[in-house]
Structure formats: structure tokens, C-alpha cells
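Keep the viewer open and click along as you read.

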Amino acid sequence: SSSSNIQPGNTGTASSTRPSFSSGPFGHSHASVLDQSTSMDSMGQEDDDIEDDGTETPPGLDVTYDSITSSYTNPSQEWDEEGHSHVVVEDDDQSAGTPMAASSNASAASSSSYSSLRMIQQTSAFDMANDNEDPGSPAGTGAPSAVPTPTSPNSIMLSFGPNTSVSDLKYFAERGCIVALLQALTTPRLVTLGTRMLADYAKMSHRRVAVASNRRILEFVQRTMLQVSEHSDWLGREYAVETVRSLTATEESDRYLMGTYGLLNTLALVARGGPFVSHVQENGARVTVPLASEKARLHACIAIMNLSCGKANKIEIAKVPEVLEAMRDVMLNSGDEARLKATTCIKNLSNADANDAALLGTPGLVEALGQVASATCSPESGATPCTTNACLALMNLSISKANKHRVFRTPGVMDALMTVLERTTAQGSSTEARIKACSALSNLAIGYDNKIPMFNYPGFVDAILNVIQSDRGEARTKACSILWSFAAEMKNQVPVVQRGDILPVLVRVAEEDGTTEARFKCVAALTLLAESLENAIPLLESGALSPLMDILHEAGPDPTQWKGQTASWCVGFLMNIAQSDEAVPTLREAGVVELLAPLLTLDHYQSLKAAMAVTFVCRYDEGDECYDLLRKTENVIPKIISLLHNTLSGRGGNGYKYGVFTLRSSVGCIAALALGPDFMKERIATGPVFESLLRVLSDFCVDGGTPGAIVGGGRDDVLSATLAVRALQSLTAHLIPIPGCSALPFGQSMEDRLLTALKSFEESQNEELKDATRQLATDAKIRIEGSRKAGRAGRKARGGSVDVDMTDVASLASNCCGLDSLPGFGDKFLHALTLPSEANKQQIPEIAPSSSMVEDVAVPAALPAPQPVRTFLLTDVRTGRRFAVPTDPSGGRAFNDTRVWCYRRGRFCQPGEVPDPNFVWTQDLQRSYEEALAKSEEHH
């Protein structure tokens with residue numbers, strides 16, 4: 001066959017007959033079959049075999065040819081698919097063969113008709129003109145001016161001699177022979193020159209994608225990285241890794257690199273020092289020696305780090321355990337620069353939540369992050385970028401709820417983060433590391449299982465207080481968040497205050513920090529600390545009340561205009577601390593009721609907390625002012641009841657936010673209302689309220705009780721159970737004034753369950769229960785048991801706000817917040833408001849209304865919309881009952897309004913309702929009422 005020889009000097013040869021030659025550095029024999037290969041500008045499309053269709057169409061100018069087929073076989077034959085370290089074992093009794101093993105002669109000529117037209121062309125991908133660097137022809141001859149068209153498929157073959165230079169290789173690479181060129185690199189020196197050439201090309205920003213997109217190049221550099229050389233100073237591997245590192249500098253190369261089978265594993269192996277050679281010493285000990293140089297290891301780390309920046313790459317990289325293990329080993333056993341790159345890589349991977357399991361599941365990785373954080377932060381110079389990245393990785397890993405306790409109990413993590421806080425300051429280059437360390441600790445403190453052990457961790461609280469006192473920025477805010485998290489755990493609340501050094505810091509930040517987020521965190525912490533009644537007096541003595549009231553005063557009476565949540569937490573603080581009997585006088589004197597009064601009438605979430613706070617503060621007040629305030633809270637009572645129901649059922653929603661309402665708060669408010677005026681008792685003495693109170697009691701003591709929830713309850717919440725018993729006793733006494741004369745209107749099932757719970761409460765061995773509380777349970781039990789003897793004929797079902805006809809009219813003083821001394825009553829009211837009395841209980845025939853005035857017997861015609869009636873309380877000293885009577889004798893009722901007044905409810909009866917027969921109007925009450933009205937007119 002005809003042939004065409006290209007002989008620029010002695011370095012490259014193209015011959016018609018393929019000689020026998022070394023298989024190359026990778027142990028493959030190569031068939032002498034021409035491949036079609038696209039140029040490097042063609043974005044590395046894979047080589048396709050050319051089908052023989054019987055035509056001889058010449059190729060386009062963008063097509064180049066090489067002299068061999070793909071020399072890379074199944075990658076699984078080249079390295080361990082399991083990802084284990086690439087180790088070559090050398091035995092002393094066998095001489096280590098050179099990596100360039102001889103191979104069989106190439107054969108099998110191509111039958112493609114395209115192969116008869118071959119030429120060496122210059123491709124734009126390797127055009128050196130843009131770099132002002134023309135390698136020209138190798139020494140000894142100029143570039144070939146004309147290339148004859150060969151007719152034989154085997155007529156081009158490149159080979160290089162010992163004097164070949166990088167420029168010589170570039171000459172052929174730029175003329176489309178890159179694949180044939182790589183195949184001809186058959187010695188360690190030639191491989192080194194080839195990888196150096198590729199490294200040079202990869203450094204050129206406008207050529208990186210062209211290099212990365214060529215599959216043959218990536219296969220070549222990957223095999224070179226794994227090649228075992230007998231020369232310790234061989235640079236081929238180093239240049240090969242550097243090539244990949246340079247390619248990772250542009251994101252456009254990522255899809256080619258990430259799509260190269262096994263490349264990540266190979267980079268991980270080199271980063272750890274591989275491949276490794278194992279040999280037996282004279283003493284019989286086997287020694288494993290890493291072959292990768294320090295520079296090659298660094299290049300590999302940088303390459304992996306660059307790839308980890310790509311959003312789409314993070315998940316795929318974390319799926320390769322060898323990469324994570326390699327980065328761990330580099331962090332622990334390498335120099336500063338490589339350690340920084342490995343730490344940055346882990347930081348990048350931790351930015352993807354989906355990688356948490358892989359990172360946490362890598363043995364020793366989290367511990368390594370802690371060691372890096374502390375080791376790279378010195379007392380003299382503070383933190384380094386490596387410190388910051390390690391803290392940031394720990395911060396990311398501690399975000400997920402499922403991870404918090406796992407990261408916290410990882411040995412060395414807490415100590416490392418505390419070390420960073422100790423060795424850094426609020427100013428200078430260490431600020432970012434300090435912030436990330438505080439952020440990581442803040443994330444950990446949010447974990448439910450971490451709050452108690454972190455609070456008790458030696459030296460931790462001192463470190464956090466130091467940050468709050470010395471910083472003014474984000475680190476301080478994060479430190480305040482940690483104290484907030486501690487206060488959210490009820491078992492921490494009393495110990496936090498008892499320490500003595502936390503409370504003053506919280507109060508000082510609340511006073512001095514103005515509108516910063518740190519103040520918000522501290523106010524929230526103070527609010528949660530106020531949930532424990534033991535803390536009420538220490539909180540008042542610390543001066544916490546004044547700054548929080550100032551915040552509310554500055555915020556104004558319209559919650560819709562409040563900025564942020566600080567003022568809302570202040571209302572919660574007042575609601576919590578008002579539940580302490582010892583704190584009430586101080587709160588009353590400080591003007592808490594007056595401050596919250598504007599919120600009571602609003603249809604807003606804050607009115608719920610304000611009403612609860614006022615209810616607690618006023619539970620020992622006397623006089624008209626208190627009655628008026630409680631009347632204002634009446635419209636909020638349904639919200640309070642809903643709060644109790646939703647807290648017990650674990651529901652969220654508006655008004656039921658975690659950290660604001662505990663079970664104790666809602667039960668305590670119900671208990672306070674149950675001790676209030678009769679109109680309050682009437683609003684809450686319903687089936688749903690009894691059901692909820694029974695639930696609290698049952699969870700505490702029936703059958704050993706149940707575990708509690710975040711908001712309280714269960715067998716350990718003695719206070720909520722105590723408050724529930726108080727409320728049950730008061731409401732039961734309201735519905736059953738005398739045992740045996742009336743009964744609960746909720747059915748026998750409710751009575752049975754109430755009796756079971758009350759008996760269990762009496763028999764409870766809990767040492768925190770007081771005898772007085774057990775006596776209240778006994779009293780409620782006796783009333784319910786006595787009610788079973790009463791006739792149930794006159795009983796109506798009671799649910800929601802439906803009333804019950806009571807058969808007992810005996811006197812029973814009701815505990816009414818001490819409202820005993822109120823004005824008396826008078827006669828015109830009796831004629832204006834006709835109600836049942838002792839004297840007229842017998843049936844009195846109704847007078848049919850005039851058809852000219854009323855179209856419907858039940859509903860008067862053209863009545864005005866019901867309007868609120870201003871009332872005051874009149875106490876019957878004989879029975880102790882409080883009668884709610886209107887300040888206007890007519891009650892504002894129109895002349896054709898046939899509704900009747902209910903003295904207990906303090907309003908006109910609604911359709912279907914009847915007045916409470918227990919409130920019997922007498923002549924003495926009427927005279928007192930007239931006197932009270934007359935005195936009122938004199939004052940005006």
C-alpha cells in the first residue's frame with residue numbers, strides 16, 4: 001500500500017506499516033485501526049465508528065484522525081470499583097517490572113473507506129496564535145508544506161524519541177493528532193512531557209472547556225494519576241493532577257469532569273497520597289509508601305474543592321465515601337494549605353441539607369472539624385480562614401433538628417467551639433469565626449435534648465456571658481439566643497435564675513440595647529423565665545419589670561403598629577409573672593393593669609394575653625374598677641377557653657405559639673376566672689371546659705399519669721394539676737351549691753370520670769401536692785357524689801353557653817374576688833324588670849302580646865340591635881350572691897322589648913334562655929338599688 005511519511009526531525013514518525021511498540025504506560029496493546037475523532041473545539045463528543053456504506057465521501061475540514069482506536073478499556077479493569085486505595089505490592093524476591101511492559105503487535109486494519117483520506121490539520125482548540133506562541137516545527141525541519149493523501153488506513157503513526165520537547169508535542173497536538181500523540185507517549189519521560197503540555201493548555205481560560213470535553217484526554221490523565229513509576233521524582237502524576245485542577249477552575253468543565261467514570265475516586269486517592277506501594281522490609285515488616293507528592297495531593301484537594309462549589313455537584317460528590325474519608329484524612333494529617341482546601345470542601349458540601357446523613361455518617365469527620373477549628377485558632381493570632389470554615393461546617397450540620405443532639409455529643413465539638421470563643425475577639429479578622437462558632441452553638445442549644453446538658457456543660461455559660469458582655473454585633477445576638485433556648489426548658493428556668501450571673505446580663509441588655517435583636521432575645525428569655533413562679537420575686541428584684549413596661553409604653557396601644565415581636569413578649573412576661581401571688585401587689589402598684597387596659601377591647605391576638613394578665617392581677621382587687629375591667633375581658637373568655645383546648649390537643653395556630661402559652665397559663669387563667677363573679681363562672685362552667693380540666697387531672701394522676709409535653713402537663717406538672725383542681729372545685733360549687741340538691745348537667749359518663757380523677761388525686765403520693773389542694777378535690781368529689789341523689793327531672797343538658805335551671809335556692813357565699821362591698825339596690829327596677837322570685841314561683845299565666853304591637857310572639861318586631869348594658873354589682877349580705885344590675889333602671893330596653901333580665905349574667909336573656917332562679921329579687925334588694933341610684937345621681 002502507499003504511504004505518507006511525516007518526519008519533522010527525529011521526534012515524530014508516520015509510517016505505512018505499524019511497528020511493534022510498547023503498549024504505553026498503561027499496559028494496553030493498541031490495534032492499528034484508525035479512529036475518527038472530533039477536534040477539541042467540538043466539546044469532546046465521543047468518537048464514533050464509521051460505517052462502510054459503500055461511498056467514499058471525503059470528511060470535512062473539522063474532522064481529524066488518529067492512528068488507533070480508544071485505548072481505554074472498561075475502567076473497572078484499571079482500578080478498584082469499590083474505591084479502595086490503589087496499592088501495588090512489590091515482593092523483595094521479584095524485581096519490579098517497569099511500568100512500560102511490552103505488548104503484542106497491533107493488527108486489524110480498518111476497512112473504512114474514509115480512512116483512505118487522512119491528513120493532519122490544525123484545529124482551533126489548540127490554536128496557539130492567540131497566545132503569541134507558535135511552537136512551530138520540531139528542530140531539524142520546517143512544518144510540512146504539503147501532506148499527501150494516503151490511501152492506506154495504517155500509514156500514519158506517531159512515535160517520539162529521547163530528545164522530544166513539549167514544543168514538539170504541541171506541534172502535533174495543534175494539528176489534530178492529540179489522540180495519536182497521547183498514544184505515542186510510551187515512556188515515563190514522554191508521559192511527563194505530555195501531562196505538562198496538557199497542564200499548560202488547561203491553564204488557558206479559553207481552552208479549558210475544549211480540554212475537559214475531550215474524553216481521551218481525561219482518560220489519559222486519570223490513568224497517569226494511577227500509574228506506578230519506579231522513579232520517586234516522577235512528575236507525570238503531578239502534572240496530570242494539576243491538569244484536572246486547572247480544568248475545575250471554570251464551572252463549564254464540571255459536567256465533563258463529573259461525568260468521567262472514577263475521576264472523583266482517583267482524586268480522593270491522590271489527595272490521601274496514593275497510589276501506594278507496599279513492600280516487605282528486611283525485618284519482615286510490610287511498609288506502605290505513598291507515591292503522590294505533596295504538590296500532587298494539594299492539586300487533588302483543590303480540584304475536589306472546586307468541584308464542590310457547583311450546586312449540582314455537591315450531592316454527587318457526597319455520595320462517594322472515598323472523597324469524604326480523604327478530606328477527613330487531609331484535615332488531620334496535611335499541611336496548612338491542603339487542610340484549608342479539605343475543610344473548605346466539607347464546608348461546601350455541608351451547604352446542601354441532603355448531604356447531612358453522608359457527612360455525619362463518615363467516621364471521624366465531625367470530630368475532624370472540631371479538631372481543625374481548635375488547632376487553627378491560636379491565642380496569639382486568633383482564628384484563620386480554616387477555623388471559620390470548620391465552624392461554618394459545624395453550624396450547617398447542626399441546623400437540622402435530627403442532627404442537633406448527634407453533633408452535640410460528638411467528642412471534642414463543644415470544647416472546640418468554646419476554644420474558638422476563648423481565643424477570638426469581637427474585632428479584627430477573627431470576627432467571622434467567632435460569629436460562626438456562636439451560630440453553631442446556638443443551633444445546638446435549640447435541640448430539646450441539648451438544653452439541659454449544654455447549660456450544665458463546664459465553662460459554657462461563662463463563655464457565652466463573656467461574648468454578650470464584650471461583643472456588640474451578631475455574635476452577641478447569637479449568644480443571647482442561647483440563653484433564650486436555656487430558658488425555654490422548664491427544668492432550666494429556676495437554675496438559670498439561681499446562678500445569679502445570667503439575670504443581670506439579660507436585664508442590662510433589655511435596658512441598653514435599644515431596638516437590636518439581642519434585646520428581643522433577652523426579653524424572650526425573661527418572659528420564659530417568668531413561667532416558673534419561683535422566679536417571680538427574683539425577676540422583680542433584678543429590675544426586669546421596668547424596662548419591659550417601658551418597651552410596651554413606647555410601642556403604643558395599637559398592636560398593629562408594633563415593630564417586631566419585642567412588645568408582644570413583654571405582654572407575655574406580664575401574663576406569666578402575674579400568676580405569682582407574691583408578684584401581684586408589685587404589678588398592681590406599678591400600673592400594669594392601666595398599661596394593658598387599652599388592649600382588652602381589641603380584636604387582636606394581644607388582647608388574649610392582656611386579658612389573662614389582667615385577670616391574674618385583679619383576682620384580689622375589690623371595687624367597681626375591677627368589675628369594669630373584668631367585664632371588658634368577657635369577650636376574650638372564649639379565646640381563653642379555646643387556648644386551653646388547643647394547648648391540650650397540641651394544635652397550633654394564631655395565638656397558640658410555642659414559648660408564649662404554657663398549659664399552666666391557660667389552666668391558671670381558667671382557675672382565676674372560676675373564682676370571679678358569677679357572670680364569669682357562667683361563661684366557663686361548660687362541658688368543654690370541664691372536659692379539658694378533667695384531661696389535665698387525668699394526665700397527672702389517673703393510672704400513674706402520662707408523660708408531659710413541651711407546654712407542660714402530665715404526671716410531673718404539679719402546678720397545672722393544682723390549678724385544674726381549684727377550677728373544678730369552684731365551678732362544681734357554682735353548679736352544685738348544696739350537695740344533693742342539684743347535679744352536674746354533663747351526664748353520668750362525665751361524673752364517673754371526674755370522680756375517678758378526683759379520687760386518684762386524693763390518693764396521689766406526689767410530695768409536692770399540698771393538703772389544702774387535696775381538700776379541694778375532696779370537696780368537689782363530695783358535691784358530685786351527693787348530686788347523684790338529686791332528681792334529674794329539671795336538669796337540662798348544658799354545653800357551650802346554654803344555661804341550667806337550678807333547683808337549689810339556698811344561700812351559698814361565692815368566692816368572688818373579694819367584691820363584697822358594693823352599693824345596694826332600689827323599686828323602679830323591680831317594675832321595669834320582672835323576674836321570678838320566691839313569692840311568685842307558682843305558674844302565672846302569660847299575657848298574650850297585642851298583635852298590633854308584636855308580629856311574632858317569640859321575637860318582638862322592629863327591636864333595635866342588642867346593645868351592651870353598663871352594670872354594677874349589688875351584694876345580698878344574706879345569701880352572699882352578687883347581683884349584676886344596670887345603671888339605667890330600664891336597662892336600655894325598648895318599650896316593646898319583652899326580654900327579661902338575668903341578675904347572674906348581668907344582661908337580658910337571649911332567645912331560649914331563662915333567668916337563673918337562684919338569683920331571687922326581694923324588696924330589700926329593690927330599696928338598696930334605689931338608694932344606690934340616688935347616690936349616683938347626687939355625685940353627678
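The notes below go through charges, rings, contacts across the sequence and the backbone.

Please keep in mind that this is a predicted model. A search of the whole structure finds 23 salt bridges, and the count of aromatic pairs comes to 14.

**Salt bridges**

- Asp200, with a relative accessible area of 23%, is partly exposed.
- Lys781 and Glu762 form another salt bridge, and their closest N and O atoms are 3.1 Å apart. Lys781 lies in helix α38 (residues 771-787) and Glu762 in helix α37 (residues 748-763), so this pair ties together parts that are 19 residues apart in sequence. Lys781 is buried, at a relative accessible area of 15%.
- Arg927 and Asp924 also meet through their side chains in a salt bridge, at 2.2 Å from N to O. Both residues lie in helix α40 (residues 923-939); they are separated by about one helical turn because they are 3 residues apart. Arg927 counts as partly exposed, with 44% relative accessibility.
- Salt bridges can also be followed as a network, and one such network links Arg272, Glu325, Arg328 and Asp329.

**The negative patch**

- Which helices supply at least two residues each to the negative patch? They are α23 (502-512) and α26 (545-555).

**Aromatic rings**

- A pair of aromatic rings is described by the distance of the centres and the angle of the planes.
- Among the 14 aromatic pairs is the one between Tyr171 and Phe172: the ring centres are 5.1 Å apart and the planes meet at 85°, so the pair is edge-to-face. Tyr171 and Phe172 are both buried.
- Phe883 and Trp921 form an edge-to-face pair as well, with 6.2 Å centre to centre and 70° between the planes. Phe883 sits in strand β7 (residues 882-886) and Trp921 in the loop between β9 (907-908) and α40, so the pair ties together parts that are 38 residues apart in sequence. Both of these residues are buried.
- Phe883 and Trp921 belong to a cluster that ring pairs build together with Tyr903, Phe919 and Tyr929.

**Contacts across the sequence**

- Val372 lies in helix α14 (residues 365-375) and counts as buried at 2% relative accessibility. Val372 is 19 residues from Cys391 in sequence, and their C-alpha atoms are 9.0 Å apart in space.
- Glu751 is found in helix α37, the helix that also holds Glu762. Is Glu751 buried or exposed? Glu751 is buried, with a relative accessible area of 1%.
- Glu751 and Ile784 are 33 residues apart in sequence, and in space their C-alpha atoms are 6.9 Å apart.

**Backbone details**

- Most residues other than glycine have a negative phi, and most peptide bonds are trans.
- The peptide bond from Gly274 to Pro275 is cis, with omega near 0°. You can find Pro275 in the loop between α8 (263-271) and β4 (276-280).
- Asp703 has a positive phi of about 55°, although it is not a glycine. Where does Asp703 lie? Its place is in the loop between α35 (687-701) and α36 (718-735).
- Asp703 is exposed, because its relative accessible area is 78% and the cut-off for exposed is over 50%.

Technical notes
Residues are numbered from 1 along each chain as its sequence is written. This is a predicted model: local features need pLDDT of at least 70, side-chain atom pairs count only at pLDDT 80 or more; totals for chains, interfaces and linings use all residues. Side-chain values use heavy atoms; hydrogens and water are left out. Helices (H or I, at least four residues) and strands (E, at least two) are DSSP runs, numbered from the N terminus. A salt bridge is a side-chain nitrogen of Lys or Arg within 4 Å of a carboxyl oxygen of Asp or Glu. Buried means under 20% relative accessible area, exposed over 50%, partly exposed in between (1.4 Å probe, protein chains only). Rings of Phe, Tyr and Trp (its six-membered ring) pair if their centres lie within 6.5 Å; planes under 30 degrees apart count as stacked, over 60 as edge-to-face and the rest as tilted.
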